[in-house]
Amino acid sequence: MERRLISSGSGLEKRWGYSRAVVAGRRVYVSGTAPIMPDDADPPPEPYGQARRCLEIIVSALRAAGATPAHVVRSRVFVTDIEAVEEVMRAHGEVFGSVRPAATGILVAGLFDPRWLVEIEVEAVLPAQSGTGPGGPALD
């Protein structure tokens with residue numbers, strides 16, 4: 001089975017032993033994705049902005065794997081504050097509203113960095129002939 005690693009360029013990937021995404025056959029597994037900013041800058045302070053940043057990173061990893069948001073079949077959303085759910089899921093809906101993957105929401109006590117309010121992971125299935133599948137919603 002084909003197995004290809006996708007990197008976002010984060011130093012944590014090599015140090016902690018993971019990849020941003022792994023392509024195994026036609027499956028694409030995107031790791032839990034936090035709102036990591038370039039040069040370790042502070043993430044947006046609000047849940048919506050953080051979720052958008054997570055989704056930007058995810059869409060980039062999907063593209064590197066030959067997929068789009070339209071290929072996503074599963075998402076898991078981890079949120080640290082129940083009050084943030086509506087805003088986080090609004091961002092999720094902007095990307096996956098027409099795709100409607102199976103989704104799970106999990107309320108967690110905290111994430112690795114106390115600045116993070118949300119982390120999102122997804123799974124996708126590539127079309128039978130990679131590169132010929134439907135386009136997905138754009139993420140500006």
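Which residue is the bridge partner of I6 in β2? In this predicted model, local features need pLDDT of at least 70, side-chain atom pairs count only at pLDDT 80 or more, and totals for chains, interfaces and linings use all residues. Residues are numbered from 1 along each chain as its sequence is written, and side-chain values use heavy atoms, with hydrogens and water left out.

The partner of I6 is A21. The open sheet has 6 strands in the order β1-β2-β3-β6-β4-β5, with mixed pairing. Because β1 (3–6) and β5 (102–107) stand at the edges with a single partner strand each, one side of each has no neighbour in the sheet. From one strand to the next, the twist averages 10°.

Helix α2 packs on this sheet, touching β1, β2, β3 (27–33), β4 (72–79) and β6 (118–125), and its direction makes about 30° with that of β6. Helix α3 touches β4, β5 and β6, its direction making about 160° with that of β4. Contact here means heavy atoms within 4.5 Å; axes are lines fitted to C-alpha atoms, for helices over the stretch in contact, and angles run from 0 to 180 degrees between N-to-C directions.

The axes of α2 (residues 47–65) and α3 (residues 85–96) come within 7 Å and cross at roughly 35°. Residues making this contact include Y48 and L55 of α2 and V88 and F96 of α3.

Note on methods
Helices (H or I, at least four residues) and strands (E, at least two) are DSSP runs, numbered from the N terminus. Two strands pair if DSSP finds at least two bridges between them.
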